[in-house]
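Below is a short briefing for a reader meeting this structure for the first time.

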Amino acid sequence: MVCAMEDHSPALVADDLTLSYGSVRALDGLSLSAERGAVTALLGPNGAGKTSAISCATGLLRPDAGGVRVLGADPWRSSPQHRARVGVMIQDGGLTSGASAMRLLRYGASLHEAPLDVDEVAEHLGIDSFARTLVRRLSGGQRQRLALALAIIGRPDLVFLDEPTAGMDPSIRRRVRELIRGLARTGTAVVLTTHLMDDVVGLADAVRVISRGRVLASGSVQEVISEHRSADGAVVVQATAAGVDPEMVPALEADLRATAARHGARLEITSGGAADLESVLLELMDADHPGPGPDGSGAPAATAVGPTEEDRR
Amino acid sequence: MTDLRDPSSPDRTDRAPRPAAPLRRILAHAGLETRILLSNGEQLTVAIALPALVLIGLWLLPLGRLDGVPAVDTAVAATFATALVSTSFTSQAIITGFDRRNGVLRWVATTPLGRGGYLAGKILATLATHVLQVLVLGVIALIIGWRPDLLGLLGALPVWLVGTVAFGSLGLLVAGTLRTEAVLAVSNLVFVLLVAVGGIAFPTSSYPQILGGLVDLLPSGALGELLRACLASGPFSPGSALVLVVWAVAGVLAVVRWFRWTDS
């Protein structure tokens, strides 16, 4: 008899992962977790170690040191039963080029005992509009949709999405966001990587900022922003003004500035939550990985240096 | 659609993620690969058209014949060997090479199918394609006068299976160790060389003595000789059987040792 008990342990726990490709260290003591029923976003520049971390968590790579548990199991020794519970959308698609989109989706569904309704998934993601097209002839965004559909078709408990909305038009991106929120709402743990801050602000319950193979910041979007904002006292307050005559916008801005001035603050009326998170992210990256100076010596460039972690403390 | 799994649903347990039965997964993959192979014009050319040309060519031209044996019999033996190498080696090397470059092998390893299921499905797809090749080419051969011997066909069966393992593993070895562009070039070039001068189209007895000795040691030479023994009353050589088995075992071991599932 199977006793159905809610499992509240994290879906993913990576502990002190180390991984090298030759002399290049991709993961350098990376530790992170992802909760069930939540969207966890891994952020960081290209080459930060996000894909390597996901590869270790999906059993594609074996870390040199450290441990990773996915739904309580070691992914390196995963069984078909375990793999059926984990959906994966890999960065380069992983799609068989000689099959049509719908045939490939039906094939993916046939690997599972109780998959989602293939037609329903295809309709929701707009795959039905290119159902008979060969994968090799699909656009980048269409391939992304198909790869996403294949990742979720088996009703996974945990799904890894590597840049799920890259190359998608705004309307499809909105649908994909709704779908990802729906997955989390029904208990699925979602781990995604993205370079789109709008996606993070709109989707993520938790954020892990990764650089050079380790986690620099961790928490909710607001926690990461408030803990790592720049030391100049800038605060981003996002508001939407409705019903304003366009001609009156300059006057409205002047009033807002006057109000801010009464509180002793300067006001910049441009940024939003995503922009704020992006500035924090760039600042963290700059502090962690200063670019090469004009002489190529690795010294910080004069125009790109932000306060370091030590400065903030 | 966005609420993919209602936690309060009474049939939640029934809908919990679990893999399909192993055989169903393997058959699903074999079906996909077979359809892809048979719906691709280039692959069909390699699988059917080229062996058919070999059949007609060797039937019409006074080449690759054995004394006292009807021309169609030696042509059929050479044709079936060509078909086996085309599908097991060339087609599989190309398909797998592109799958590797496109990340398919990485994705497959994360699914319930897994790497073992992928390889099992691939072997089944190859065998299914072989059956189709034998049927199509056999019909053409019957039309031009081939009268098969049942015992010969039965004797060819184990040769066919061992040959499939030998050339299939060599195809995977090429696909799993070289860049995709090199896979295309190598698999096509090797195919042409094996058919033309590797003991498939012509019996090793027709080569100069030194060259014939070398060809005897090739898997193509062994396959050609064994199929000629079964289908064209040629001399049976236990040495050829041993050579083919050694290539099959060595090929599988080499795949286990050197096959890389990713391009990186």
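The crossing of α3(B) and α5(B) is right-handed. The model in which this crossing is found is a predicted one. Chain B has ten helices and zero strands, while chain A has eleven helices and nine strands.

**Packing of α3(B) against α5(B)**

- Helix α5 of chain B covers residues 114–143, and its axis lies 10 Å from that of α3(B), at an angle of about 155°.
- Angles over 145 degrees count as roughly antiparallel, and α3(B) and α5(B) are therefore roughly antiparallel to each other.
- On the α3(B) side, the residues that meet α5(B) are V72(B), V76(B), T79(B), F80(B), A83(B), L84(B), T87(B), S88(B) and Q92(B).
- On the α5(B) side, the partners are K122(B), T126(B), T129(B), H130(B), Q133(B), V134(B), L137(B) and A141(B).
- Sorted by class, the contact of α3(B) with α5(B) holds eight nonpolar, eight polar and one charged residues.

**Packing of α2(B) against α3(B)**

- Helix α2 of chain B, residues 41–60, packs on α3(B) with the axes 8 Å apart and an angle of about 160°.
- That angle makes α2(B) roughly antiparallel to α3(B).
- The crossing of α2(B) and α3(B) is right-handed.
- The contact of α2(B) with α3(B) has 14 nonpolar and eight polar residues, and no charged ones.

**Chain B as a whole**

- Read along the sequence, chain B follows the pattern α-α-α-α-α-α-α-α-α-α.
- The C-alpha trace of chain B spans about 80 × 40 × 30 Å along its principal axes.
- Chain B has 264 residues, of which 48% count as buried.
- Among the contacts in chain B with a separation of 6 or more, 78% are between residues 24 or more positions apart.

**Where the chains meet**

- In the contact between the chains, 33 residues of chain B touch 43 residues of chain A.
- Three helices of chain B each supply at least two residues of the side that touches chain A: α1 (22–38), α3 (71–101) and α4 (104–109).
- The largest share of that side, five residues, comes from α1(B).
- By class, the residues on the side of chain B that touches chain A divide into 15 nonpolar, eight polar and ten charged.

**Chain A and its helix α3**

- Buried residues make up 42% of the 313 residues in chain A.
- Of the contacts in chain A between residues at least 6 apart in sequence, 66% join residues at least 24 apart.
- Helix α3 of chain A (residues 101–110) has eight of its ten residues buried, so it is largely enclosed by the rest of the structure.
- The buried residues of α3(A) are A101(A), R103(A), L104(A), L105(A), Y107(A), G108(A), A109(A) and S110(A).
- Their cover includes α4 (118–124) and α5 (140–152) of chain A, together with α1 of chain B.

**The largest nonpolar core**

- In soluble globular proteins, nonpolar side chains tend to be buried together.
- The largest nonpolar core here has 154 residues, and the members touching the most others are L105(A), L146(A), A149(A), V190(A), V200(A) and L227(B).
- The helix that gives the most to this core is α3(B), with 13 residues.
- Leaving aside residues up to four places away in sequence, L146(A) touches L95(A), A101(A), L104(A), L105(A), I127(A) and L138(A).

Definitions and conventions. Residues numbered from 1 in each chain as written. Chains lettered and ligands numbered in written order. Predicted model: local features only at pLDDT ≥ 70, side-chain atom pairs only at ≥ 80, totals over all residues. Contact = placed C-beta atoms within 7 Å. Helix = DSSP H or I, 4+ residues; strand = E, 2+ residues; numbered from the N terminus. Nonpolar A, V, L, I, M, F, W, Y, C, P; charged D, E, K, R; others polar. Axes fitted to C-alpha atoms, helices over the stretch in contact; angles between N-to-C directions. Parallel < 35°, antiparallel > 145°, perpendicular 65-115°, else oblique. Left-handed = near helix turned anticlockwise from the far one by under 90°. Core = buried A, V, L, I, M, F, W, Y, C linked by C-beta atoms within 7 Å. Buried ≥ 20, exposed ≤ 12 C-beta atoms within 10 Å, placed from the backbone.
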